[in-house]
Amino acid sequence: MDARQLWLRFEPYHDVTYFTPESRAATDALGCKGGWMGYFGMRAAPLGAASPELVTAVFYNFAPRMVARALPDAWAVASPSAFLDARLEGVDGALRRLLGDVSTPEIVEAASLARDAASAACIAGRPLAAANLALPWPSAPHLALWHACTILREARGDGHVAALVAHGVGPCQALALYAREHSLDPAYMRSARGWSLEEWEAVSDLPGDLAAVERATDAAALAPWEALGVGRTSRFIDLMTPLALRIASANEAMRVNPMALDPVRELAVPGWNT
C-alpha cells in the first residue's frame, strides 16, 4: 500500500474545511476577524478552548506570533462548539457546490470504507486525530466521509510532526527545506506560516533529511489501511479518485498551497473530466 497515494485522495476532500468561500462565510458569520482566525478556530476547536501555545505545538509549522493573532481571541468570538458547527456548515455547502449530488452510491460506499479506516487509526501520541475521532459522526454520508478524511488527515499530520521531532527538524526549518526541495517561493511559504525573513534565513542552511521524515510519516500512516485490507483499500482509492479530482479542479487552494499538493496533475487519469 502506498500511504502517499492514499493521502492524495483524502486530503482534497478534507481541505474544503478551510479554503472555500462557504467556509469563510461560516466563520465570518461567527464574527471572526479574517480568514486565519476562522482557520485556527475551526481546526483547533476539537481540542476545546486551546491556548495559542498548545495550538502552536500541535500545528507545528506556524510561527507562534501568527497563532497568537487568532487565539485566544477566537474563543471570545465564539465557543469551540460553535466553531465545530460552523465548519460542518461550511463543509456541507462546499461539498454540495463542488460535487453536486452528494448522496450517490459511490459516496455512501466511500463513507463506509473511510469510517472503518478512520476508526482503526492509531491515536496514541496523535492529539488532533484523537480529538476529532472523539467527535460525533455526522449522519449524512458526504459529511461522514469528510469526518473520516479529517481524522485520517490529522492522524497523518500528527505522525509527520512526530517524525520531524525525531529527526531534529524544527518548524521553520522544515518549511525552508520543503520549499527548496519542491521549488516553492520562499516568500510565499514565509507569509503562509508567519515567519520573518530573519527567522527563515537563520535555518535555511541547516541540514535535515526530509526524505527520511517522509518515509517515517508514510510508515506511521499505514495502520488504518492495513486494518481495512488490500481489497477494500483499493476500492476506496477507486471511489475517491474522481471525487478528489473534481474537488481539486474547482478549488484554487489545491493549485497553490504550502504542501505543494496538486491532485489534478498527480491523480489525473486518461479520459477523466470534470
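This is a predicted model: local features need pLDDT of at least 70, side-chain atom pairs count only at pLDDT 80 or more; totals for chains, interfaces and linings use all residues.
**Exercise 1. Overall fold**

Determine how many helices and strands the protein has, and state how its radius of gyration relates to the globule rule.

*Solution.* 
Step 1. The secondary structure consists of 17 helices and 0 strands.
Step 2. The radius of gyration is 18 Å, close to the 19 Å that the globule rule gives for 274 residues, so the protein is as compact as a globular protein of that length.
Step 3. The C-alpha trace spans about 50 × 40 × 35 Å along the principal axes.
Step 4. Of the 274 residues, 52% are buried.
Step 5. Among contacts with a separation of 6 or more, 76% are made by residues 24 or more positions apart.

**Exercise 2. The cavity**

State how many cavities of 30 Å³ or more the structure holds, and describe the lining of the largest cavity by residue, helix and class.

*Solution.* 
Step 1. There is 1 cavity of 30 Å³ or more, and the space in the largest cavity is about 120 Å³.
Step 2. Its lining comprises 14 residues; Leu152, Ala155, Arg156, Ala221 and Pro224 lie nearest the centre.
Step 3. At least two lining residues come from each of α1 (3-15), α10 (141-166) and α15 (223-228).
Step 4. By class, 12 of the lining residues are nonpolar, none is polar and 2 are charged.

**Exercise 3. The largest pocket**

Identify the residues nearest the centre of the largest pocket, and find which helix supplies the largest share of its lining.

*Solution.* 
Step 1. The volume of the largest pocket is about 1000 Å³.
Step 2. The lining has 43 residues, and those nearest the centre are Asn61, Arg153, Arg193, Pro258 and Met259.
Step 3. The helices that each supply at least two lining residues are α1, α3 (35-44), α4 (52-59), α10, α11 (171-181), α12 (186-193) and α14 (210-220).
Step 4. The largest share, 8 residues, belongs to α10.
Step 5. The lining of the largest pocket divides into 23 nonpolar, 8 polar and 12 charged residues.

**Exercise 4. The second largest pocket**

Describe the lining of the second largest pocket, and find which helix supplies its largest share.

*Solution.* 
Step 1. The second largest pocket holds about 180 Å³ of space.
Step 2. Its lining includes Ser81, Leu84, Asp85, Arg87 and Leu88. Also in the lining are Leu135, Pro136, Trp137, Pro138, Trp146 and His147.
Step 3. Both α7 (80-99) and α10 supply at least two of the lining residues, and the largest share, 5 residues, comes from α7.
Step 4. The classes represented are 7 nonpolar, 2 polar and 2 charged residues.

**Exercise 5. The cysteines**

*Solution.* 
Step 1. A disulfide is a covalent bond between the sulfur atoms of two cysteines.
Step 2. The cut-off for assigning one is a pair of cysteine sulfur atoms within 2.5 Å.
Step 3. The structure accordingly holds 0 disulfides.

**Exercise 6. Backbone features**

*Solution.* 
Step 1. The background is that most residues other than glycine have a negative phi, and most peptide bonds are trans.
Step 2. As to accessibility, Tyr60 counts as buried at 12%, whereas Ser183 is exposed, with a relative accessible area of 69%.

Definitions and conventions. Residues are numbered from 1 along each chain as its sequence is written. Side-chain values use heavy atoms; hydrogens and water are left out. On a 1 Å grid over the protein atoms alone, a cavity is a set of points where a 1.4 Å probe fits but cannot get out, and a pocket is an open set with protein on both sides within 12 Å along at least five of seven lines; lining residues have an atom within 4 Å of a point. Grid points are joined across faces, edges and corners, and a volume is the space filled by probe spheres set on the points. Helices (H or I, at least four residues) and strands (E, at least two) are DSSP runs, numbered from the N terminus. Ala, Val, Leu, Ile, Met, Phe, Trp, Tyr, Cys and Pro count as nonpolar, Asp, Glu, Lys and Arg as charged, and the others, Gly among them, as polar. The radius of gyration is taken over C-alpha atoms; the globule rule is 2.2 Å times the number of residues to the power 0.38. Buried means under 20% relative accessible area, exposed over 50%, partly exposed in between (1.4 Å probe, protein chains only). Contact means heavy atoms within 4.5 Å.
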